[in-house]
Amino acid sequence: MRFHTKILMVWLWAMIAVNISFIIHFGLFSKPPLSGFLLEFSRIDLVLHAVAFASLAIPAFMLFRPMFTIAASIFALAAGLELAQWMTVSREASIADLAANCLGIACAACIVAILKRLDFMILRPVLGRAI
């Protein structure tokens, strides 16, 4: 394994660890970040859910195979967090949040599939190897 590949793997593992810790912290232990007018009318909370789970899923999809197993594991994390929010007093569980989490996972799967296809079609024939 080349040095730059090892560095990339370390960065991907670090991104996964940081994303999981942020998702758990902001999902369970912090107060809801947005409230009132902004949250009720713009639904920015759902966008934040999708972005958070996409940022977790992209490095996970790049590191592990098969993609379906990783997606199911991340979905289990999302469902577990919603269940834990349902059991706490300060947070509120929502099916819409879980759907936004699934949308983020699906978008990440599409992004990684496109990146892998571009690597196979463009970079390998031009450079003779993957980056």
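The largest nonpolar core here has 20 residues, and Phe 53, Leu 56, Phe 61 and Ile 74 touch the most other members. A nonpolar core is a set of buried Ala, Val, Leu, Ile, Met, Phe, Trp, Tyr and Cys residues joined through side-chain atoms within 4.5 Å. Keep in mind that this is a predicted model, where local features need pLDDT of at least 70, side-chain atom pairs count only at pLDDT 80 or more, and totals for chains, interfaces and linings use all residues. Numbering starts from 1 along each chain as its sequence is written, and side-chain values use heavy atoms, with hydrogens and water left out.

**Overall layout**

- The protein comes to 5 helices and 0 strands, where helices (H or I, at least four residues) and strands (E, at least two) are DSSP runs numbered from the N terminus.
- Reading from the N terminus, the elements go α-α-α-α-α.
- Of the 131 residues, 27% are buried; buried means under 20% relative accessible area, exposed means over 50%, and partly exposed is in between (1.4 Å probe, protein chains only).
- Among contacts between residues at least 6 apart in sequence, 68% join residues at least 24 apart, with contact meaning heavy atoms within 4.5 Å.

- Helix α3 gives the most, with 7 residues.
- Which residues does Ile 74 touch, not counting those up to four places away in sequence? They are Phe 53, Leu 56, Ala 57, Ala 60 and Ile 105.
- As a bit of background, nonpolar side chains tend to be buried together in soluble globular proteins.

- Asn 19 sits in helix α1 and counts as buried because its relative accessibility is 14%.
- Leaving aside neighbours within four places in sequence, Asn 19 is in contact with Ser 55, Leu 56 and Pro 59.
- Leu 63 belongs to helix α3 (residues 44-63) and, at 18% relative accessibility, counts as buried.
- Setting aside neighbours within four places in sequence, the contacts of Leu 63 are Met 9, Leu 12, Trp 13 and Ile 16.
- The C-alpha atoms of Leu 63 and Leu 8 are separated by 9.7 Å, although these residues are 55 apart along the chain.

**Aromatic pairs**

- The count comes to 2 aromatic pairs; rings of Phe, Tyr and Trp (its six-membered ring) pair if their centres lie within 6.5 Å, with planes under 30 degrees apart counted as stacked, over 60 as edge-to-face and the rest as tilted.
- Trp 13 and Phe 64 make an edge-to-face pair, 5.2 Å centre to centre with 85° between the planes.
- That pair links distant parts of the chain, 51 residues apart: Trp 13 is in helix α1 (residues 3-29), while Phe 64 is in the loop between α3 and α4 (67-87).
- Trp 13 is partly exposed at a relative accessible area of 45%, and Phe 64 is partly exposed at 30%.
- Phe 22 and Phe 26 make a tilted pair, 6.0 Å centre to centre with 50° between the planes.
- Both Phe 22 and Phe 26 lie in helix α1, 4 residues apart, or about one turn of the helix.
- Phe 22 is partly exposed with a relative accessible area of 47%, and Phe 26 is partly exposed at 47%.

**Surface patch on the nonpolar side**

- Ile 44, Val 47, Leu 48 and Val 51 form a nonpolar patch on the surface, with about 320 Å² of accessible area together.
- Patches are made of residues with over 30% relative accessible area and no salt bridge, joining like charges within 9 Å and nonpolar side chains (Val, Leu, Ile, Met, Phe, Trp, Tyr) within 5 Å; a salt bridge is a side-chain nitrogen of Lys or Arg within 4 Å of a carboxyl oxygen of Asp or Glu.
- Val 51 lies in helix α3 and is exposed, with a relative accessible area of 52%.

- A cis peptide bond joins Arg 65 and Pro 66, with omega about -15°; Pro 66 lies in the loop between α3 and α4.
- For context, most peptide bonds are trans.
- Leu 115 lies in helix α5 and is partly exposed at 46% relative accessible area.

Terms used:
Areas by Shrake-Rupley, 256 points an atom, 1.4 Å probe, with all protein chains shown as cover.
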